[in-house]
Amino acid sequence: MSGSQIKVEAKTAFRLSLDTWAVIIALLTAALVRFGILPHVPW
Amino acid sequence: MADAIALPQNPPISFSTRFFRLLPGVALLAAIGFAGKLLERNVNSYAKANHWVIPNIEYVLWAILIGLVISNVFGLAEIFKPGVATYEFWLKAGIVLLGSRFLLGDVWKLGGVSLGLVFIEIIGSLAFMTFLGRLFGLRPKLTSLLAVGSAVCGVSAIIATKGAIEADDEDSSFAIAAILALGAIALFTFPLVGHSLHLSDRAYGVWAGLAVDNTAEATAAGALYSDAAAKLAVLTKTTRNALIGFVVLAYAIYWASRGQAHTVANKAAFLWQKFPKFVLGFLLVSLLATIGFFTKDQNASLANLSRWAFLLTFAGVGLRTNFREMRRQGLRPFAVGFIGEIAIAIFTLGLVIATARLFHF
């Protein structure tokens with residue numbers, strides 16, 4: 001392998017953290033409640 | 001010309017495949033949580049109808065107990081594991097939605113008191129755990145992981161610190177097992193201590209948020225006492241979580257100065273990367289609730305959504321607690337954690353009682 005070059009390319013995909021996903025989903029759910037799409041959530 | 005080398009690659013897993021893999025575990029979390037809710041209602045009404053005097057066992061405890069039995073008696077089947085691991089996602093989403101139950105003024109006032117207590121707790125815990133680790137002859141990086149885990153926020157802090165100080169996998173497994181085992185013990189002991197000392201909801205909630213290390217267990221320990229205590233436990237714990245970046249950065253700089261970890265080039269980027277984003281979500285929802293963006297009914301709905309999310313979290317706390325696996329990790333880190341946690345619990349209890357007298361809560 002003398003004189004040859006080994007090229008390894010690593011591509012890292014853009015990924016959101018668990019924290020960020022939790023915030024996005026929670027805010028989307030809050031928007032559904034605010035705009036009447038989820039009118040009432042019982043307990 | 002460069003030689004081309006074909007590296008073996010795993011085929012990328014599509015979003016839909018990953019999503020469907022989560023479903024069995026999430027369904028199990030929901031089923032256990034809902035069973036806990038049904039058991040609370042039915043056991044209590046059955047006891048009342050038969051004139052039995054039994055303590056009111058809340059859905060929180062039922063959900064944790066069912067999870068513990070499944071995990072420790074039957075074992076968790078592989079198909080459920082990816083979905084069960086989402087319990088932290090539900091916890092964080094639940095905390096963001098819980099922001100609707102706090103006016104920003106309350107967050108400022110209570111968070112301010114909590115912040116003062118959190119500073120004292122973090123400094124005291126780091127110093128004491130470091131002393132104990134040296135006394136018991138633990139490896140220095142394992143001592144650092146245990147100190148950060150007990151001072152800041154349990155498993156997340158240990159994982160963040162592990163990367164920053166380049167600790168071994170074995171050290172982080174030891175530290176995580178000790179913190180989780182102690183969290184499980186706290187779930188059952190904290191409410192008993194709180195009731196025997198007749199602590200107010202506020203005092204108990206702040207204590208649970210200060211002394212219980214993992215956010216899920218701190219939330220559950222609060223909810224086992226009362227709804228109001230759970231709110232305060234979450235607020236105090238969130239204040240602790242917000243400081244994770246600073247503590248991890250300090251440890252990273254310390255280990256880098258000893259030539260045993262990489263130096264941190266961009267400190268601001270490091271802090272942002274480690275900062276728990278759900279704290280910002282919590283503050284945003286609290287701000288929206290404060291300016292009247294939601295009606296009273298909508299606030300109630302958001303609070304209920306937060307409870308449903310926590311229900312899945314509590315089921316996950318039981319399911320991921322496996323005593324056999326914890327025992328395998330060895331006794332010494334557990335002993336250090338155990339002694340340290342008892343000292344921290346007593347220290348923070350004294351701190352909270354003194355502050356409660358001073359600030360009348």
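Reply: In chain B of this predicted model, helix α9(B) meets helix α11(B), and the α9(B) side of the contact is formed by B:D201, B:R202, B:Y204, B:G205, B:V206, B:A208, B:G209 and B:L210. Facing them from α11(B) are B:A228, B:A229, B:A230, B:K231, B:L232, B:A233, B:V234, B:L235, B:T236, B:K237 and B:R240. Helix α11 covers residues 227-242 of chain B, and its axis and that of α9(B) come within 7 Å, crossing at roughly 35°. The crossing of α9(B) and α11(B) is right-handed.

Most residues other than glycine have a negative phi. B:H198 is not a glycine, yet its phi is positive, at about 55°. Is B:H198 buried or exposed? B:H198 counts as exposed because it has 8 C-beta neighbours inside 10 Å, and the cut-off for exposed is 12 or fewer.

Chain A has 1 helix and 0 strands, and 19% of its 43 residues count as buried. The mean pLDDT of chain A is 77, with 67% of its residues at 70 or more. Over residues 1-9 of chain A, the pLDDT is below 50, and this stretch has 8 contacts in the model beyond near neighbours in sequence. Where pLDDT is low, the predicted coordinates should not be read in detail.

Note on methods: Residues numbered from 1 in each chain as written. Chains lettered and ligands numbered in written order. Predicted model: local features only at pLDDT ≥ 70, side-chain atom pairs only at ≥ 80, totals over all residues. Buried ≥ 20, exposed ≤ 12 C-beta atoms within 10 Å, placed from the backbone. Helix = DSSP H or I, 4+ residues; strand = E, 2+ residues; numbered from the N terminus. pLDDT = per-residue confidence, 0-100. Contact = placed C-beta atoms within 7 Å. Axes fitted to C-alpha atoms, helices over the stretch in contact; angles between N-to-C directions. Left-handed = near helix turned anticlockwise from the far one by under 90°.
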